[in-house]
Amino acid sequence: MRRIRILTAIAAASAMIVAGCGTADQDSATPAPGGSGGALTPVKLQLQWFFQAQFAGYIAAVDQGFYKEQGLDVQLLEGGVDIVPQTVLAQGKADYAIAWVPKALASREQGAGITDVGQIFGRSGTYQVAWKDSGITKAADLKGKKVGNWGFGNEYELFAGMTKAGLDPGKDVTLVQQQFDMQALLKKEIDAAQAMSYNEYAQLLEAKNPATGKLYTPDDFSIIDWKAEGSSMLQDAVWANTEKLNDPAYQQQTVKFLTGTIKGWAFCRDNAEKCRDLVVAKGSKLGKSHQLWQTNETNKLIWPAPGGIGVIDEAAWKQTVDISMTTKNQTGDTVLTKAPEGLAFTNDYINQAITAAKSAGVDVNGTSFQPTTVTLTEGGA
């Protein structure tokens, strides 16, 4: 077990020159043509992770031609463990990027010129999961336990929850560097594991219980949901280049990109199985039942969207910033040392995109959205 030097890791990652993401983009300030008959403007979107249903709306917007309707030829750049999306964006190797707000704000504080222009995930999907018989049901129950987390800025909801419960993350628990899977929990090497509702939690339910020969069920586990604990933070957002937002052509392109994105996510809300198939065809490393689960759970983080999909809720933004400035990790460091300066976020472009999407008949609120029940199979196949 090794202690996690979070801010050092973030700083190092933010300074990294990311390879394999293509050469510098073509001039993104070129206005997108209004009609479908003109040349399309090439746009690069850097994803936060490997192709999976977390990004189904963007994949669908490409496949269904929603970006092309806006005069854009969008290329999706796959993420990975060594790719920091906001850094790729700040270096001019992408036109837009998907990143969690705390991590992106940390990069901003270190000099990355980026702005949140569309808060696609309105809710956090982070859990801390334990075995049901452990008695762990809330943050206070983690005292004296071995607590897994991924580090690299993913753990501050956990730290904020423990702090709120009166625990010192550096003294009252044993922190364990967790891999991006659930093996450590399944092997009972740790007492509680970090998991996304749409990914790692499903991996538990896709694993076979050796005692019964059947898959585990939700009854085998307990979940600490940071939304319920009051320490959730904003996650997947569309980030734009702050300096380029001074250019009217890039402003127009941003509205068009967000309009296509809204249509993509609305499509996946209403066509979950179709989007599952698009993700699988894109080369996702996890199978069909897992990707349908992920599509369904991701939709829960977006819909319903009372203010419209992508609109940044200022109360949720403030909570994220407050946690970023006040919650300390085990070494006493915080995500941010001060409040974000300059244009950290704006609703100007997403509101224009919502107006355009509504004019095209798109339901931008999803008030009637109802998640489905997904049956998982072993290994998520």
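Just after helix 5, Gly 111 adopts a positive phi of about 120 degrees. Helices (H or I, at least four residues) and strands (E, at least two) are DSSP runs numbered from the N terminus. The model is predicted, so that local features need pLDDT of at least 70 and side-chain atom pairs count only at pLDDT 80 or more, while totals for chains, interfaces and linings use all residues. Residues are numbered from 1 along each chain as its sequence is written, and side-chain values use heavy atoms, with hydrogens and water left out. Helix 5 spans residues 101-109 and is mostly covered, with eight of its nine residues buried (under 20% relative accessible area; exposed is over 50% and partly exposed in between, with a 1.4 Å probe and protein chains only). The buried residues include Lys 103 and Arg 108.

Two residues other than glycine also have positive phi values. Phe 152, in the loop between strand 6 (146-149) and helix 6 (156-164), has a phi of about 55 degrees and is partly exposed at 43% relative accessible area. Lys 188 has a phi of about 60 degrees and is found in the loop between helix 7 (183-186) and strand 8 (192-196); Lys 188 counts as exposed, at 54% relative accessibility. Most residues other than glycine have a negative phi, and most peptide bonds are trans. The peptide bond from Trp 303 to Pro 304 is cis, with omega near -10 degrees. Pro 304 belongs to the loop between helix 12 (288-302) and helix 13 (314-326).

The structure holds one disulfide (a pair of cysteine sulfur atoms within 2.5 Å). Its partners are Cys 268 and Cys 275, with sulfur atoms 2.1 Å apart, and both cysteines are buried. The torsion about the S-S bond is about -90 degrees, so the disulfide is left-handed. Arg 269 lies in helix 10 (residues 248-270) and is buried, with a relative accessible area of 11%. A polar atom of the Arg 269 side chain lies 2.8 Å from the backbone oxygen of Asp 363.

The UniProt record, an unreviewed entry, lists residues 53-272 as "domain: SsuA/THI5-like"; positions are in the numbering used here, feature names are shortened, and annotations may be inferred rather than shown by experiment. Over this range the chain is 34% helix and 20% strand, and the end C-alpha atoms are 10 Å apart.

Voids were located on a 1 Å grid over the protein atoms alone: a cavity is a set of points where a 1.4 Å probe fits but cannot get out, a pocket is an open set with protein on both sides within 12 Å along at least five of seven lines, and lining residues have an atom within 4 Å of a point. The search finds one cavity of 30 Å³ or more, and the largest cavity has a volume of about 40 Å³. Among its lining residues are Trp 100, Pro 102, Tyr 156 and Met 233.

The second largest pocket has a volume of about 240 Å³. Of its 18 lining residues, the closest to the centre are Gly 122, Pro 306, Gly 308, Val 311 and Asp 313. Volumes are the space filled by probe spheres set on the points, which are joined across faces, edges and corners.

Key. Polar contact = N/O pair within 3.5 Å; in protein donor to acceptor, adjacent residues only side chain to side chain.
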